[in-house]
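Please look at the sequence and the model below, and keep both at hand while reading.

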Amino acid sequence: MKKLLLALVAMLVVFGASAQDYKNSIGLRLGYGAEVQYERHFSDKNYLEANLGLYGFNEFSLNATYNWNLCEWNWTPSAGKWFLSAGVGGSLSAWQGGYFNVGVAGDVAFGIRFKKPVTLSLDYRPTIYFLHNAWGHGFAGVGLTCTYNF
């Protein structure tokens with residue numbers, strides 16, 4: 001009887017873990033610089049993304065965008081689901097010499113959410129700053145992101 005009860009509990013734990021809906025993600029984005037990325041998923045349709053980055057060892061940046069999942073494809077069912085998301089948000093930047101900047105950032109990402117708790121995406125984040133260096137990293141805002149979902 002104890003073995004049967006233990007087997008039932010183990011099956012519930014396994015099924016519960018596989019059906020778990022991940023709400024948070026943390027990872028690394030590499031592009032012009034390196035960024036630590038955090039995502040908070042509100043539903044299957046939208047999420048908030050925040051990045052803290054270091055560019056060229058003399059500039060720090062904080063970006064936050066609110067993103068919407070536009071499309072999902074099941075091209076590789078055994079691996080995971082492909083997605084396209086887009087969003088808009090803000091950016092704060094500071095660099096050597098005491099300069100800082102405030103701007104608007106967009107975000108478009110294409111990637112795959114693996115069945116394991118990992119997401120891999122290629123994204124583009126153009127930024128327009130209002131004070132200094134009006135385009136910021138502008139069209140150089142392409143990055144590769146890998147996040148762990150929990």
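## Charged pairs and a cavity

R113 forms a salt bridge with E72, and the closest N and O atoms of this pair are 3.9 Å apart. A salt bridge here is a side-chain nitrogen of Lys or Arg within 4 Å of a carboxyl oxygen of Asp or Glu, and strands (E, at least two residues), like helices (H or I, at least four), are DSSP runs numbered from the N terminus. This is a predicted model, in which local features need pLDDT of at least 70 and side-chain atom pairs count only at pLDDT 80 or more, while totals for chains, interfaces and linings use all residues. Residues are numbered from 1 along each chain as its sequence is written, and side-chain values use heavy atoms, with hydrogens and water left out.

Side chains of opposite charge can pair when their charged atoms come close. The structure holds 5 salt bridges, and the table gives three of them.

| Pair | Closest N and O atoms |
|---|---|
| R113 and E72 | 3.9 Å |
| E35 and R29 | 3.2 Å |
| R29 and D123 | 2.7 Å |

R29, E35, D123 and R125 are linked in a network of salt bridges.

Are the members of these pairs buried or exposed, given that buried means under 20% relative accessible area, exposed over 50%, and partly exposed in between (1.4 Å probe, protein chains only)? E35 counts as buried because its relative accessibility is 1%, and R29 counts as buried because its value is 5%. D123 is buried as well. R113, by contrast, is partly exposed because its relative accessible area is 21%, and E72 is partly exposed because its area is 43%.

Two asparagines deserve a separate look. N69 is found in strand β4, and N69 counts as buried because its relative accessibility is 14%. Its side chain is joined to that of R113 by a polar contact of 3.3 Å, a polar contact being a pair of N or O atoms within 3.5 Å, where within protein one must be able to donate a hydrogen and the other to accept it, and residues adjacent in sequence count only if both atoms are side-chain atoms. N67 also has its place in strand β4, and N67 is buried because its relative accessible area is 0%. A polar atom of the N67 side chain lies 3.2 Å from the backbone nitrogen of G87.

A cavity is a set of points on a 1 Å grid over the protein atoms alone where a 1.4 Å probe fits but cannot get out, and lining residues have an atom within 4 Å of a point. By this rule there are 2 cavities of 30 Å³ or more. The second largest cavity has a volume of about 110 Å³, and of the 14 residues that line this cavity, the closest to its centre are Q37, E39, Y47, F83 and S121. Strands that each supply at least two residues of this lining include β3 (46–55) and β9 (142–149).

Methods:
On a 1 Å grid over the protein atoms alone, a cavity is a set of points where a 1.4 Å probe fits but cannot get out, and a pocket is an open set with protein on both sides within 12 Å along at least five of seven lines; lining residues have an atom within 4 Å of a point. Grid points are joined across faces, edges and corners, and a volume is the space filled by probe spheres set on the points.
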